[in-house]
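Here are my notes on this one, as numbered points. Have the viewer open while you read.

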Amino acid sequence: MKKQHILLPLAIMVCGMVQAQNRRINMDSLVQLSKKTEVWEPVPAKVTPGKTAADAPSDAIVLFNGKDMNAFQKKGGGAPGWKIEKDGSLTVVKMSGDIETKQGFGSCQLHIEWKSPAVIAGSGQSRGNSGIFFMGEYELQVLDSYENPTYVNGQAGSIYKQHIPLVNASRKPGEWQSYDIVFTAPQFYGDGTVQTPARITVFHNGVLVQNNVEIKGGTEWIGAPSYKKHKDKEPIVLQDHGNDGGNPMSYRNIWVREL
């Protein structure tokens, strides 16, 4: 009986050691298999993010920081006619014309903040209207859409006359709003036909409103959109909606990352 009492624990211990050894062998085998699908190069470039999601990361091109308009010109050339306010925002001067970046951009990530006037004038499309045109062609609508009925493919967050936003995430007039956008530029064949159309994803105040939608062509007020071949990089345009009866929009904190 005493021998059995001694041998049984020894057998259990030996069995445990064998199982542990088998587990190590199995783990070593799994590690070797795992290494076959590990990729170590190229190492992604280091980018320092901003202090907040709204702040420009280290690799961004700052287009407007409240100090000057050096990154912009009047569309087509010349000094921009918009004004910088005391709070560092950039406000449309109606009938002065659109402004555009001096630098051209293709596929990019854009952060831009905008505000419709606290004092409401006009209604529908005349109430705080502007727009952001990627490559000077493809418009993301900027509009005071807080309790302001209009055609839904022309409200804030729409790809104008092409895609209705998934939701209306608009803040009240006078409150700052944000767009965070990923734009993929179109590609053309040599004969000018479209190889791949443009695509766009938009977050409005942190809410997804356009989910990698296909842009159907250049923005048109009347008629169907269509593509016309252009350069690989073109200016980003901010719109002066003209003498529409509404009050002018303001912008701030504009930065872009080339993709």
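1. In which sense do β2 and β5 pair, and over how many bridges? β2 and β5 (residues 99-101) are antiparallel partners, joined over three bridges. Strands here are DSSP E runs of at least two residues, numbered from the N terminus, and two of them pair if DSSP finds at least two bridges between them. For a specific spot, look at Lys 74, whose bridge partner in β5 is Ile 99.

2. Quick housekeeping: this is a predicted model, with local features needing pLDDT of at least 70 and side-chain atom pairs counted only at pLDDT 80 or more, while totals for chains, interfaces and linings use all residues. Numbering runs from 1 along each chain as its sequence is written, and side-chain values use heavy atoms, with hydrogens and water left out.

3. Back to the sheet: it is open, has five strands and runs β2-β5-β14-β7-β8 with antiparallel pairing. β2 (72-74) and β8 are the edges, each pairing on one side only.

4. The largest nonpolar core has 40 residues, and Leu 110, Ile 132, Tyr 179 and Phe 183 touch the most other members. (Such a core is a set of buried Ala, Val, Leu, Ile, Met, Phe, Trp, Tyr and Cys residues joined through side-chain atoms within 4.5 Å; buried means under 20% relative accessible area, exposed over 50%, partly exposed in between, with a 1.4 Å probe and protein chains only.) β6 gives the largest share of this core, four residues.

5. Leaving out residues up to four places away in sequence, Ile 132 touches, among others, Leu 110, Tyr 138, Tyr 179 and Leu 238 (contact is heavy atoms within 4.5 Å).

6. Ser 116 sits in the loop between β6 and β7. Ser 116 counts as buried because its relative accessibility is 0%. Beyond neighbours within four places in sequence, Ser 116 contacts Asp 144, Pro 173, Gly 174 and Met 249.

7. (On a 1 Å grid over the protein atoms alone, a pocket is an open set of points where a 1.4 Å probe fits, with protein on both sides within 12 Å along at least five of seven lines; lining residues have an atom within 4 Å of a point.) The lining includes Phe 133, Glu 139, Trp 221 and His 241, and β7 and β8 are the elements giving two or more residues to it.
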